[in-house]
Amino acid sequence: MNTSPDDNDQLAGEYVLGTLTAEQRREVEQRLAVDADLRLAVASWERRLLELTDLAPPHPPSTHLWGRIERSLDALDQSVPAASAPATAPSWWDRLALWRGLAGAGLAATLVLGSVLLTRTTPLPETAYLVVLVAPQSQAPGWVIQASSPREIQLIPLGVAQVPADKALQFWTKAEGWQAPVSLGLVKPGQRLQVPLDQLPPLTPDQLFELTLENPGGSPTGKPTGPIQFIGRAVKVL
Amino acid sequence: MPEPGFDYEACLTACAQGDHQALRDLYTQESARLLGVARRIAGDNALAEDIVHDAFIRIWTKAASFDPALGTARGWIFSVTRHLALNFMRNSARLVSISQDHEVASSGFDLHGHSGRIYDCLEQLPPARRDCLLHAYVDGYSHGQIAEKLGTPLGTVKAWIKRSLAALRECMG
């Protein structure tokens, strides 16, 4: 696609200003990886507008925030070297095309590959669908969903998610054409969960899965109400 | 306001080499300001802390990709944080309805006492158009939210923002 410098500048300005939709933001972020002109235009707008951050009054973080960050750093330090260790069991895990299709590609794939290889003790069953659930902001992977049959899925933690004491994680799914997400139950951080899907239509490619933060008994409305902690889409495994 | 004498770029270089203390130094230096930025966009303190957590992890994992030719190191960590916050707000609007009433209310914007080219250029815009830009940048409001907040038709808001950006660009170079 050919875009004029003016279009690029307008798009970059609205991206930095924050007025683009989720879809438009994703497109810009994908283009930024490959489009040096757009990168320059965005950088210029970041520079022009940066001083406006002074309009937001500073607010001291709670005392435990640094501790949380440090625990995440430690977890990263442990998982990254593991990911670069040679894989011993060649299987569909090694198929590049599969990982290429997953959200947050690089880091997510490396970390998930590393963690799953480490925790794997028995041969994997024939898997039909795979979902990597990543944190929406950082794209850091937190959970993997394996569906060895279209009627049942397994939610596997890659670490222990941080959940405030007065909150719970609730698991949801939504396929193309559904009116609203459907609850698959509450999830305990760090624990596997097996979910029969007998009340639902079979899994479909691109089906959305997410974990949101809800009240301890689950969402009072039967629909997600809290912030998304992890999100991902089903990828068919050949 | 950047702290004189604090070497942001050296911190990023050290982060890229795996030095936790360098990230800690950046945190000590800027976490309150970054949290301030995230709170205005997220409208919620707990969510803003999640965003700052993710921002520091991203700063850590992406430090090696920081390009000093494109901007300052301090600007980069603010951009990382703002875009995480904006992405979160835009993405979650798809599935989860976010409570309209922000816990961290947007007040009017007092530009007095702020100096810098951007403030001089903003002063030259009609107040309503200036507010569009500030609600977008500082509060993370979408076109629709700005229209609602200002009681102005959506199409007008979009056109104002487009023209105001062009005017800013002209004024700032």
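## Helices H6 and H7 of chain B

The axes of H6(B) and H7(B) come within 10 Å and cross at roughly 135°. Axes here are lines fitted to C-alpha atoms, for helices over the stretch in contact, and angles run from 0 to 180 degrees between N-to-C directions. H6(B) and H7(B) are therefore oblique to each other. Angles under 35 degrees count as roughly parallel, over 145 as roughly antiparallel, 65 to 115 as roughly perpendicular and the rest as oblique. The crossing of this pair, H6(B) and H7(B), is right-handed. A crossing is right-handed if the near helix is turned clockwise from the far one by less than a right angle, and left-handed if anticlockwise.

H6(B) brings Ala128(B), Asp131(B), Cys132(B), His135(B) and Ala136(B) to the contact. H7(B) brings Ile146(B), Lys149(B) and Leu150(B). Two residues are in contact if their C-beta atoms, placed from the backbone, lie within 7 Å. By class, the contact of H6(B) with H7(B) has five nonpolar, one polar and two charged residues. Ala, Val, Leu, Ile, Met, Phe, Trp, Tyr, Cys and Pro count as nonpolar, Asp, Glu, Lys and Arg as charged, and the others, Gly among them, as polar.

## Basis of the model

This is a predicted model: local features need pLDDT of at least 70, side-chain atom pairs count only at pLDDT 80 or more, and totals for chains, interfaces and linings use all residues. Residues are numbered from 1 along each chain as its sequence is written, and chains are lettered from A and ligands numbered from 1 in the order in which they are written.

## The two chains

Chain B has eight helices and zero strands. Its pattern along the sequence is α-α-α-α-α-α-α-α. Chain A has six helices and nine strands. Helices (H or I, at least four residues) and strands (E, at least two) are DSSP runs, numbered from the N terminus.

In chain B, 45% of the 173 residues count as buried. In chain A, buried residues make up 35% of 238. A residue is buried if 20 or more other C-beta atoms lie within 10 Å of its own, exposed if 12 or fewer, and partly exposed in between, with C-beta atoms placed from the backbone. Take the contacts with a separation of 6 or more. Residues 24 or more positions apart account for 63% of them in chain B and 61% in chain A.

Gly140(B) lies in the loop between H6 and helix H7 (143-150) of chain B. Gly140(B) counts as buried because it has 25 C-beta neighbours inside 10 Å. Leaving aside neighbours within four places in sequence, Gly140(B) is in contact with Gly18(A), Ile41(B), Ala85(B), Leu86(B) and Met89(B). Ala42(B) is 98 residues from Gly140(B) in sequence, yet the two are 7.9 Å apart in space, C-alpha to C-alpha.

## Helices H1 and H2 of chain B

Helix H1 (residues 8-16) of chain B packs with H2(B) at an angle of about 145°, with axes 7 Å apart. The crossing of H1(B) and H2(B) is left-handed. Cys11(B), Ala14(B) and Cys15(B) of H1(B) meet Ala22(B), Leu23(B), Asp25(B) and Leu26(B) of H2(B). The residues of this contact divide into six nonpolar, no polar and one charged.

Leu23(B), in helix H2, is buried, with 23 other C-beta atoms within 10 Å. Not counting residues up to four places away in sequence, Leu23(B) touches Cys15(B), Phe56(B), Ile59(B) and Trp60(B). Leu12(B) lies in helix H1. Leu12(B) also counts as buried, with 25 C-beta neighbours inside 10 Å. Beyond four places in sequence, Leu12(B) is in contact with Ala63(B), Phe66(B) and Ala73(B).

## Core and interface

The largest nonpolar core has 93 residues. Such a core is a set of buried Ala, Val, Leu, Ile, Met, Phe, Trp, Tyr and Cys residues joined through C-beta atoms within 7 Å. Those with the most contacts inside it are Leu133(A), Ala38(B), Ile51(B), Phe56(B), Ile59(B) and Ala85(B). H2(B) gives the largest share of this core, 10 residues. Among the residues that Ile51(B) touches are Gln137(A), Ala38(B) and Ala85(B).

Across the interface, 56 residues of chain B are in contact with 48 residues of chain A. H4(B) gives the most to the side of chain B that touches chain A, with 13 residues. That side divides into 30 nonpolar, 16 polar and 10 charged residues.
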